[in-house]
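Please examine the structure shown below alongside the following account. The account turns from model confidence to the nonpolar core and then to the strands.

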Amino acid sequence: MVKFISSTILLVVLAFSAWGCAKQEDQTVDLTVERSPKISIADTRPVEIAISSTPTPTSSPTPTTKVEIKRAYPYLEFQRTVSAEYPDFPDNRVYVALKEGKIMAFADDYEANETILVLDISDRVSDVGMEEGLLGLAFDPLHKENGYFYVFYTASGPRRSVLSRFTVPLDDPSKALSDSEKVILEIDQPAENHNGGQIAFGPDDYLYVGVGDGGGAGDRYGNGQDTSTLLGTILRIDVSTVNTTGAYAIPGDNPFVGTNKGRPEIWAYGMRNPWRFTFDSDTGDLWAGDVGQNRYEEIDLVLPGLNYGWNVMEGFHCYPDENQPCSQEGLEPPIAEYRILTTLGCSVIGGYVYRGNMIPHLYGKYIYGDFCSGRIWTLNNKATGEWSQDELVDTALRIVSFTEDRSGEIIVIAWIPGATKGEDSGLYRVIPGENP
Ligand SMILES: [Ca+2]
């Protein structure tokens with residue numbers, strides 16, 4: 001069982017059930033938890049990082065001061081922020097999604113000290129446990145003209161994931177129209193965990209949706225390799241048709257269209273819980289952090305129609321027994337993995353390929369982190385075609401997501417360890433360090 005010595009038990013219990021960890025279900029872990037600022041994990045197994053398709057254990061990276069993390073809006077705190085967006089409305093506000101089912105907005109200003117309640121759907125959002133709630137937020141590619149934004153949340157009775165559209169009036173985009181919900185997609189969820197959560201428009205203006213394997217531990221419902229279900233996938237749908245037909249459409253070049261290989265909404269499958277994915281704003285590449293079971297967290301470069309392996313594999317390794325062979329034919333390996341329930345962390349948080357201007361040495365590198373360890377890494381595509389995985393900064397934060405501001409600079413969304421007021425999350429900027 002998981003053992004804690006802290007008065008912050010609730011927060012930490014929540015932490016270790018985060019986004020597909022489900023690790024307490026089937027693995028013994030002893031944790032020593034300080035009240036603040038960091039979790040230290042009593043795990044003496046060797047630190048192991050593998051990269052590219054030839055996993056090679058390496059030593060733990062040395063922390064650097066290549067960047068620093070600075071509170072972006074120090075006068076604002078929110079309860080369990082899970083997502084933040086910087087839509088292109090004239091009022092230049094920041095919109096944050098709170099797990100309980102609220103969207104708040106505030107001025108994109110360091111001195112900001114007031115928030116506006118944009119939307120409250122806590123009456124229809126099931127927020128139980130750690131992995132249910134309002135999980136994703138995305139603005140329509142034409143939001144400046146139509147006022148549309150989309151949310152992805154969990155609901156009960158029956159338990160399901162819901163993709164819905166809401167509308168803000170263009171003359172005041174800080175307030176959603178109360179009766180504007182248009183449900184677009186619902187997916188039954190057999191268990192409370194592994195609900196995915198990310199929704200994002202690609203450079204093709206189609207909406208991509210990350211859907212977990214349905215939960216339980218080890219993919220007990222067998223969804224990862226089952227393409228007749230939407231669970232365990234990243235979906236790609238066309239929501240521009242909703243007004244005319246009442247429903248989303250399937251892009252004609254989705255990989256399973258016209259085949260009998262699976263549901264036509266599927267873009268890629270074999271995912272366990274792709275909590276966060278993003279598109280490289282320069283190349284359009286789709287990068288996902290797929291949360292692992294008990295051993296390996298992975299970063300995937302997601303291509304259409306490919307099978308990312310779960311639950312035959314976890315990272316580069318056969319599952320459930322990495323020492324036993326498994327048939328890997330047709331399975332796409334990740335770009336990188338790291339071993340979990342070590343000091344490296346417990347749940348990968350997919351981030352962004354950096355395309356900002358403020359930190360030139362990060363340009364073109366994929367930035368991602370871990371919820372439990374607070375570490376942030378970069379993946380670097382070397383001239384040889386291989387990837388290196390380097391630690392960028394080791395923070396004391398519980399990182400839940402990343403976003404980009406209007407200049408393409410990286411914002412970290414994190415829960416604050418040791419917070420006691422219930423207003424316990426904030427946004428942080430990645431800024432140049434003293435010794436880049
Ligand atoms: Ca995989």
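The mean pLDDT of the chain, that is, the predictor's confidence in each residue on a scale from 0 to 100, is 87, and 83% of the residues score at least 70. Across residues 20–47 the pLDDT is below 50, yet the model gives this stretch 75 contacts beyond near neighbours in sequence; two residues are in contact if their C-beta atoms, placed from the backbone, lie within 7 Å. For residues 52–64 the pLDDT likewise stays under 50, and the model has 16 contacts beyond four places in sequence for them. This is a predicted model, in which local features need pLDDT of at least 70 and side-chain atom pairs count only at pLDDT 80 or more, while totals for chains, interfaces and linings use all residues. Residues are numbered from 1 along each chain as its sequence is written.

The largest nonpolar core comprises 109 residues. Such a core is a set of buried Ala, Val, Leu, Ile, Met, Phe, Trp, Tyr and Cys residues joined through C-beta atoms within 7 Å. A residue is buried if 20 or more other C-beta atoms lie within 10 Å of its own, exposed if 12 or fewer, and partly exposed in between, with C-beta atoms placed from the backbone. Ile234, Ile367 and Val412 have the most contacts inside this core. Leaving aside residues up to four places away in sequence, the residues that Ile234 touches include Tyr208, Trp267, Met271, Phe277 and Val302.

Strands here are DSSP runs (E, at least two residues), numbered from the N terminus, and two strands pair if DSSP finds at least two bridges between them. In strand 10 (residues 148–155), 7 of the 8 residues are buried, so this strand is largely enclosed by the rest of the structure. Strand 9 (residues 134–139) pairs with strand 10 in the antiparallel sense over 5 bridges, and Leu134 stands opposite Tyr153. Strand 11 (residues 160–167) also runs antiparallel to strand 10, joined to it by 8 bridges; Phe149 has Phe166 as its bridge partner. Strands 10 and 11 form a hairpin with 4 residues between them, and Gly157 in the turn has a positive phi of about 65°.

A further group of 4 strands forms an open sheet in the order 5-6-7-8, with antiparallel pairing. Its edge strands, strand 5 (81–85) and strand 8 (116–120), each pair on one side only. Strand 7 (residues 102–107) is joined to strand 8 by 4 bridges, and Lys102 has Asp120 in strand 8 as its bridge partner.
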